[in-house]
Amino acid sequence: MNITYTDSKEVTAYKDFVCSPTNRDSQRNFRKYFPASIEKQAVKLHQRLAVMFNNAADYNRVFGNTDNRIERKDGQRDNDNILFKTRINDSYRKFFNVVENIADFSLLKVCNWQGNFEIITDIHVIDVNKHDYKGV
C-alpha cells in the first residue's frame, strides 16, 4: 500500500522512525512522543502495510481475526471522510483516511464506502495515539 502522513509533529516523528528505524535521530524524536515499548510493533506494522500487502483486503485476510485488523471507526456522518484504524499494540492506535484519487488527493467519504477493503491501496495517516478516539 502507498502510505502518506499528515504534517503534525507526532505523526512526522512516527513516519521518520518507521521508515528508517536504524536512524538514531529518528528514534530519539520518536521517543519524545511515543514510548520505546511500541517501537518494534510500529516498525512491524509499517512493513506489513507498506511492503507486504497491496491492499487492506489482503492485510485483513491474514490479520482479520486478530486485534491488528483494519477496521472502520464507528460513529461517522455520511459527508465525513471515512476513518479507519488499526492497532499498534494494546493501547496505541493508528488512524488513517483512504485516498480515493491520488491525483487530486481526494479522500473517500463515508457515503461512498461500499465495504470493499480491496479499494484501500492508498492511505493517509492522520494520527497515532493512545486509544483516544475523541482526538481524531
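H131 is partly exposed, at a relative accessible area of 37%. On that scale, buried means under 20%, exposed means over 50%, and partly exposed is in between, with a 1.4 Å probe and protein chains only. H131 sits in the segment after strand 6. Its phi is positive, about 60 degrees, although H131 is not a glycine.

Some ground rules. This is a predicted model, where local features need pLDDT of at least 70 and side-chain atom pairs count only at pLDDT 80 or more, while totals for chains, interfaces and linings use all residues. Residues are numbered from 1 along each chain as its sequence is written, and side-chain values use heavy atoms, with hydrogens and water left out. Helices (H or I, at least four residues) and strands (E, at least two) are DSSP runs, numbered from the N terminus.

A second residue with a positive phi is F105. Its phi is near 55 degrees, and F105 is not a glycine either. F105 belongs to the loop between strand 4 and strand 5, the latter being residues 106–107. With a relative accessible area of 35%, F105 is partly exposed.

Now the helices. Two packed helices are described by the angle between their axes and the distance between the axes. Here, axes are lines fitted to C-alpha atoms, for helices over the stretch in contact, and angles run from 0 to 180 degrees between N-to-C directions.

Take helix 1, residues 9–19, and helix 2, residues 24–33. Their axes come within 8 Å and cross at roughly 140 degrees. That makes helix 1 oblique to helix 2. For the classes: under 35 degrees is roughly parallel, over 145 roughly antiparallel, 65 to 115 roughly perpendicular, and the rest oblique. The crossing of helix 1 past helix 2 is left-handed; that is, the near helix is turned anticlockwise from the far one by less than a right angle.

Which residues meet there? On the helix 1 side, K9, E10, A13, Y14, D16 and F17; on the helix 2 side, S26, Q27, N29, F30 and Y33. Contact means heavy atoms within 4.5 Å. By class, that contact holds five nonpolar, three polar and three charged residues. Nonpolar covers Ala, Val, Leu, Ile, Met, Phe, Trp, Tyr, Cys and Pro; charged covers Asp, Glu, Lys and Arg; the others, Gly among them, are polar.

Next pair: helix 1 and helix 3. Their axes come within 9 Å and cross at roughly 75 degrees. These two helices are therefore roughly perpendicular to each other. Helix 1 contributes Y14, F17, V18 and C19, and helix 3 contributes E39, A42, V43, L45 and H46. This contact has seven nonpolar residues, one polar and one charged.

On to the core. In soluble globular proteins, nonpolar side chains tend to be buried together. The largest nonpolar core in this model has 32 residues. A nonpolar core is a set of buried Ala, Val, Leu, Ile, Met, Phe, Trp, Tyr and Cys residues joined through side-chain atoms within 4.5 Å. Y14, L49, I70, F84, I88 and I120 have the most contacts inside it. At least two residues each come from strand 1 (2–5), helix 1, helix 3 (39–52), helix 4 (56–63), strand 4 (93–101) and strand 6 (122–129).

Look at F84. Beyond four places in sequence, its contacts include I70, W113, F117 and I120, and also the charged residues E71, R72, K73 and K94.

L83 is in strand 3. L83 is buried, at 6% relative accessible area. Among its contacts beyond four places in sequence are F95, F96, I126 and V136. L83 and L108 lie 25 residues apart in sequence and 8.9 Å apart in space, C-alpha to C-alpha.

R87 is also placed in strand 3, which spans residues 83–87. R87 touches L45, D67, N68, Y92 and R93, leaving out residues up to four places away. Its C-alpha is 7.3 Å from that of R69, 18 residues apart along the chain.

Last stop, strand 6. Is I123 of this strand buried or exposed? Buried, at 1% relative accessibility. I123 touches M1, N2, I3 and T4, among others. D122 lies in strand 6, and counts as buried at 13%. D122 touches N2, N97, V98, V99 and I102, neighbours within four places aside. From D122 to T4 is 118 residues in sequence, yet 7.8 Å in space, C-alpha to C-alpha.
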